[in-house]
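Visitor: I should like to go through this protein with you, residue by residue where that helps. Could we look at the model together?

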Amino acid sequence: MNYLSTRGHPDRKRFSDILLEGLAPDGGLYLPETYPQVDAAALAELRRVYHEQGYAELAFRLLSLYIDDIPADDLRALCEKTYTAQAFGTGEIVPLRHLEEGLWIEALSNGPTLAFKDMAMQLLGNLFEYELRRRGETLNILGATSGDTGSAAEYAMRGKEGVRVFMTSPDGRMSPFQQAQMFSLQDDNIHNLAVQGVFDDCQDIVKAVSNDLEFKRRYRIGTVNSINWARLLAQVVYYFAGYLQATQHEGEKVSFAVPSGNFGNVCAGHVARQMGLPIDRLVVATNENDVLDEFFRTGVYRVRAAADTHETSSPSMDISKASNFERFVFDLLGRDAGRTRTLFGEVLAREGRFDLSGDPAFADAASRFGFVSGRSTHADRVATIRDTWERFGTVIDPHTADGLKVAREHWQPGAGVPMIVLETALPIKFAATIVEALGREPERPARFDGIEDLPRRVSVVPADADVVKKYIAQHAG
């Protein structure tokens, strides 16, 4: 399996190379040359594997379709090391929670940091350590987080051999619990940088550093954001697991509703659908920062300035520039790397937007790729949290509430197609909104008692890539 850049760089690379590299040299994102196909017979075999052997074996089977430069026994061992009941609180790893007939929530937040990002990040940590040890190399990971990616990455990489983490986050814009999870870590290989700006400033810094090829090579810079193909690939697995739990036969279809800001989570669903998983609709749910909803409604992709990025009660989606979106547009345009490079490398940089509304590729995008979308506000998520508790006795976090609200707009109860809402995080990570909706604090796992009161280790920096590069140079291994 070889991987190419969405912007047309001539090199083709193997999985282990792009695992450590992040962005392609031309600023594009990596994708496989082709998506492996899973037909009905292969899906039936995956159903047997999942129900008889569990999530780790399902992950191994699916990852093996994309990874052929890690010995099979080693890859299986990495999956078994990652997806354990001890790490994820249940042997099912991602159980479905039934709300009502045909409507489910897929529990993705049972991992170490109580967010769906753990599903991929725990595997990524083990893959990094394995590959670096195999090569005798070290890696300095530079990341950007609007909330959950940072803690998931840091908990996955803390103490890992050969790895240092430099995680940028928007100063003061995460929930107190999210900040405490990251900033309370005292591990020598973990560095937190609170950027005086919004998430998109953090993301721009990561891309700017990654595009400085000399600096990137000198300091061995890698990424854990969903621009890293390995992370997105790991997320594909739970779409298959959700499908296999919600159906009994290979001919059945399901839909997924996905709270989305950076387009990474739902892009994994796009990959699963392209592989042949019978997904009817991929429902993209945004909050007030609705750049993705605007695109799927109008064909116009319009990034917002920092001043126009709303600070909301679902802060992990306070994103106005979806870094993974390029992968979908590449597929939408028939894998035309030249057009993709022009749109993202030139038009977007120059005008802050591009318009595909008149393009034939956009006209039938919903039917070809299954995407529909919707928007949720603070009032919507508070009402959804309250309704879900009162009717079903289930407490959900604000991002999952956004997903559920938009899911209901596209759900057709009589059509026989289950709707699975992907859970984002456990409610304790966003306690203030839960208190507003329900009048009480959500449950807190005992291991996180008093986390907000622990000593903090964080450096506040301006939104300046050169400042971040200087910090990395001073602290890199």
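Visitor: Between which two elements does the loop that holds L114 lie?
Guide: This is a predicted model, and L114 sits in one of its loops.

Visitor: Is L114 buried or exposed?
Guide: A residue counts as buried when its relative accessible area is under 20%. The relative accessibility of L114 is 3%. Because that value falls under the cut-off, L114 is buried.

Visitor: What is the phi of L114?
Guide: L114 is a residue other than glycine, and its phi is positive. The value is near 65 degrees.

Visitor: Where is I93, and is it buried or exposed?
Guide: I93 has a positive phi near 65 degrees, and it is not a glycine. Its place is in the loop between α5 (85-88) and β3 (96-100). With a relative accessible area of 2%, and a cut-off of under 20%, I93 is buried.

Visitor: Which residues does E131 touch, leaving aside those up to four places away in sequence?
Guide: E131 is part of helix α6. Its relative accessibility is 2%, so E131 counts as buried. Once residues up to four places away in sequence are set aside, the contacts of E131 are S16, L19 and L20.

Visitor: How far apart are the end C-alpha atoms of helix α12?
Guide: Helix α12 has twelve residues, 264-275. At 1.5 Å a residue, the helix should span 16 Å.

Visitor: How many residues of α12 are buried?
Guide: The buried residues of α12 include N265, C267, H270, R273 and M275. The helix has twelve residues, and it is largely enclosed by the rest of the structure because the number buried is eleven.

Visitor: Which residue just after α12 takes a positive phi?
Guide: The phi in question is about 115 degrees. The residue that takes this value just after α12 is G276.

Visitor: Which residues does K160 touch, not counting those up to four places away in sequence?
Guide: K160 lies in the loop between α7 (148-157) and β6 (163-170). From E57 it is 103 residues apart in sequence and 24 Å apart in space, C-alpha to C-alpha. The residues that K160 does touch are G125, N126, E129 and N189.

Visitor: Is G358 buried or exposed?
Guide: G358 is found in the loop between β12 (353-355) and α16 (360-363). Its C-alpha atom is 26 Å from that of E288, a residue 70 places away along the chain. Its relative accessible area is 71%, and since exposed means over 50%, G358 is exposed.

Visitor: What is the radius of gyration of the protein?
Guide: The protein has 477 residues, and for that number a compact globule would have a radius of gyration near 23 Å. The C-alpha trace spans about 60 × 50 × 50 Å along its principal axes. The radius of gyration agrees with the globule value, and it is 21 Å.

Visitor: What share of the contacts between residues at least 6 apart in sequence joins residues at least 24 apart?
Guide: The protein comprises 21 helices and 15 strands, and 62% of its residues count as buried. Among the contacts in question, the share is 76%.

Methods. Residues numbered from 1 in each chain as written. Predicted model: local features only at pLDDT ≥ 70, side-chain atom pairs only at ≥ 80, totals over all residues. Heavy atoms only, no water. Helix = DSSP H or I, 4+ residues; strand = E, 2+ residues; numbered from the N terminus. Rg over C-alpha atoms; globule rule 2.2 N^0.38 Å. Buried < 20%, exposed > 50% of the residue type's maximum accessible area, 1.4 Å probe, protein only. Contact = heavy atoms within 4.5 Å. Expected span 1.5 Å × (residues − 1).
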